[in-house]
Amino acid sequence: MNISFNKRAALLAALLAASSFAQAGVVVVMSSKSDVDSLSKVQVSQIFLAKTDALPNGRVAKPIDQAEGAAVRNEFYDKVADKSSAQMKAYWSQLTFTGKAQPPRKVASDAAVKAALAENPAAISYISDGAVDGSVKVVFRP
């Protein structure tokens, strides 16, 4: 089998790109101005499932969700709440219908999450690992 150098280089580039994509993950973040340094999986899950709104510093947590269907959202709920997208939709439908809770505010992207976190140090959300910069603080890695 004789594969040209250009084809081998293109194949290698594709494999490296796929590898880096597969390693990208989701991280739970707060504003870099927040005094919360870390949270556990249980704490994060309880905040996003409306079972608590208390942060370790005593402030009221303001969870921010990403749009339904976003890959990062699906990964977050799968790894943190152990629930699928369909299970989360049913969960929030029940809580909303019974008047027990309202789902978190939704934004459209990692950039929108970072903008929302900048407005409120008690806000908490999740973004793709590759979107982390100095404006946010990672408080949990699933």
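Which residues are exposed on the other side of H4? They are Ala86, Lys89, Gln94 and Phe97, where exposed means over 50% relative accessible area, buried means under 20%, and partly exposed is in between (1.4 Å probe, protein chains only). Bear in mind that this is a predicted model, with local features needing pLDDT of at least 70, side-chain atom pairs counting only at pLDDT 80 or more, and totals for chains, interfaces and linings using all residues. Numbering runs from 1 along each chain as its sequence is written, and side-chain values use heavy atoms, with hydrogens and water left out. Helices (H or I, at least four residues) and strands (E, at least two) are DSSP runs, numbered from the N terminus.

**Helix H4**

- H4 covers residues 85-98, and its end C-alpha atoms sit 20 Å apart, which agrees with the 20 Å that its 14 residues should span at 1.5 Å a residue (the expected span is 1.5 Å times one less than the number of residues).
- On the buried list for H4 you'll find Met88, Tyr91, Trp92 and Leu95.
- Those buried residues line one face of H4, because they fall within an arc of 90 degrees seen down its axis; the arc is that of the directions from the helix axis to the C-beta atoms.
- H2 and H3 are among the elements covering the buried residues of H4, with contact meaning heavy atoms within 4.5 Å.

**Helix H3**

- H3 takes in residues 71-81, and its buried set is Val72, Arg73, Phe76, Tyr77, Val80 and Ala81.
- That set covers an arc of only 130 degrees around the axis, which puts these residues on the same side of H3.

- Asp82 isn't a glycine, yet its phi is positive at about 55 degrees.
- With 54% relative accessibility, Asp82 counts as exposed.
- Ala50 is another non-glycine with a positive phi, this time of about 60 degrees.
- Ala50 belongs to the loop between helix H2 (41-48) and strand S2 (62-66), and is partly exposed at a relative accessible area of 37%.

**Glu119 and Ser31**

- Glu119 is part of helix H5, residues 110-119, and is exposed, with a relative accessible area of 62%.
- Glu119 and Ser31 are 88 residues apart along the chain, with 8.4 Å separating their C-alpha atoms.
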